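Subject: A structure to look through

Dear colleague,

Here is the structure I promised to pass on to you, together with some notes on what turned up in it. Please open it beside this message and follow along as you read.

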Amino acid sequence: MPSDFKRVRYFRPKYSKKGYHILMKMMQDGLALEISDVAGFRIHVINHYYKYGLRGTLDAFKVKRSTFYDWKILYERSGRRIISLVPHQTRPLHVRRMETDWRIIAFIKEMRKEHGNIGKSMLKPFVDAYAKELDIKTLATSTIGKVIKRRHLTFEKKVYAKKQANKFKKLRTRKSPRVTTPGFIQMDSIVVYINYEKYLFMYKTSHQQQQEKYSSNFSN
């Protein structure tokens, strides 16, 4: 057989039509239980009903009779597929849309172009006066904010204050410098109060004196 001959390779064994439908149903049921906890609870209630009856199911799970029968009818009409118990989206098909007069939108746009990014509270009295002049319905403060946000009526970029660098240098270091040559001095102090008077005692030791002290100790 030539190498350029197109061959179909199957990664899984071939299934019959009946076996394929059984496999797909198992996969859908497994995905439904993983995706929705509500579907898992509903199928648990229905299985309890098949085993113990209606009265025991309603007493055990505190579910209304009409709600339970809605689940049961959906489950049985779909051929007992668990995916039918996944709750559907409850968003309405026709939602209310905000309708705003185009002249007010143009007015807000011109105001923000000429006078910068004026906020909705500052625009409110001007919009009221303009709507009264045109004899149309005005907009609320929150609606003006929605118009600005949805119509992208922002024409100036925000300017953020830059963080100023510290002008004063650090007078103290976290770690003492490494001693390489003599010349550093180690100092210590103590404060004593005697008869309400403050006395400060300072003690200092040079690096050279410490070296002589250590060398004398080693020699002894």
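This is a predicted model: local features need pLDDT of at least 70, side-chain atom pairs count only at pLDDT 80 or more; totals for chains, interfaces and linings use all residues.

Aromatic rings

Across the whole structure, a search finds six aromatic pairs. In one of them, the ring centres of Phe41 and Trp71 lie 6.2 Å apart with the planes at 80 degrees, so this pair is edge-to-face. Because Phe41 belongs to helix α2 (residues 37-52) and Trp71 to helix α4, the pair ties together parts that are 30 residues apart in sequence. Phe41, for its part, is partly exposed, with a relative accessible area of 37%.

A second pair is formed by Phe107 and Tyr130, whose ring centres are 4.4 Å apart and whose planes stand at 5 degrees, so that this pair is stacked. Here too distant parts of the chain are linked, with Phe107 in helix α5 and Tyr130 in helix α6 (residues 120-134), 23 residues apart. Phe107 counts as buried at 18% relative accessibility, while Tyr130 counts as partly exposed at 23%. There is also one aromatic cluster to look for, which is formed by Tyr49, Tyr50, Phe68 and Tyr69.

Salt bridges

How many salt bridges does the structure hold? The number is three, and each can be found by looking at the side chains involved.

Lys72 counts as buried at 13% relative accessibility, whereas Glu76, at 35%, counts as partly exposed.

Asp128 counts as partly exposed, at 28% relative accessibility.

The side chains of Asp101 and Arg103 also meet in a salt bridge, again with 3.1 Å from N to O. Asp101 counts as partly exposed at 25% relative accessibility, and Arg103 counts as partly exposed at 28%.

Patches on the surface

Which residues gather in a patch of positive charge on the surface? They are Arg96, Lys146, Lys149 and Arg150. Of these, Lys149 is found in helix α7 (residues 141-150), and it counts as exposed because its relative accessibility is 70%, with the cut-off for exposed set at over 50%.

A nonpolar patch also lies on the surface, where Met187, Val191, Tyr193, Leu200 and Met202 have about 560 Å² of accessible area together. Strands β1 and β2 (197-206) each supply at least two residues of this nonpolar patch, and the largest share, three residues, comes from β1. Met187 is located in strand β1 and counts as exposed, at 53% relative accessibility.

Backbone angles worth checking

Most residues other than glycine have a negative phi. Against that background, please look at Arg80, which has a positive phi of about 60 degrees although it is not a glycine. Arg80 sits in the loop between α4 (65-77) and α5 (102-115) and is partly exposed, with a relative accessible area of 41%.

His152 likewise has a positive phi, of about 55 degrees, without being a glycine. The loop that holds His152 runs between α7 and β1 (185-194), and His152 is exposed, with a relative accessible area of 64%.

With best wishes

Conventions: Residues are numbered from 1 along each chain as its sequence is written. Side-chain values use heavy atoms; hydrogens and water are left out. Patches are made of residues with over 30% relative accessible area and no salt bridge: like charges are joined within 9 Å, nonpolar side chains (Val, Leu, Ile, Met, Phe, Trp, Tyr) within 5 Å. Accessible areas come from the Shrake-Rupley method with a 1.4 Å probe; for residues, only the protein chains shown count as cover. A salt bridge is a side-chain nitrogen of Lys or Arg within 4 Å of a carboxyl oxygen of Asp or Glu. Lys and Arg count as positive and Asp and Glu as negative; His and the chain ends are not counted. The place of a charge is taken as NZ of Lys, CZ of Arg, CG of Asp or CD of Glu. Helices (H or I, at least four residues) and strands (E, at least two) are DSSP runs, numbered from the N terminus. Buried means under 20% relative accessible area, exposed over 50%, partly exposed in between (1.4 Å probe, protein chains only). Rings of Phe, Tyr and Trp (its six-membered ring) pair if their centres lie within 6.5 Å; planes under 30 degrees apart count as stacked, over 60 as edge-to-face and the rest as tilted.
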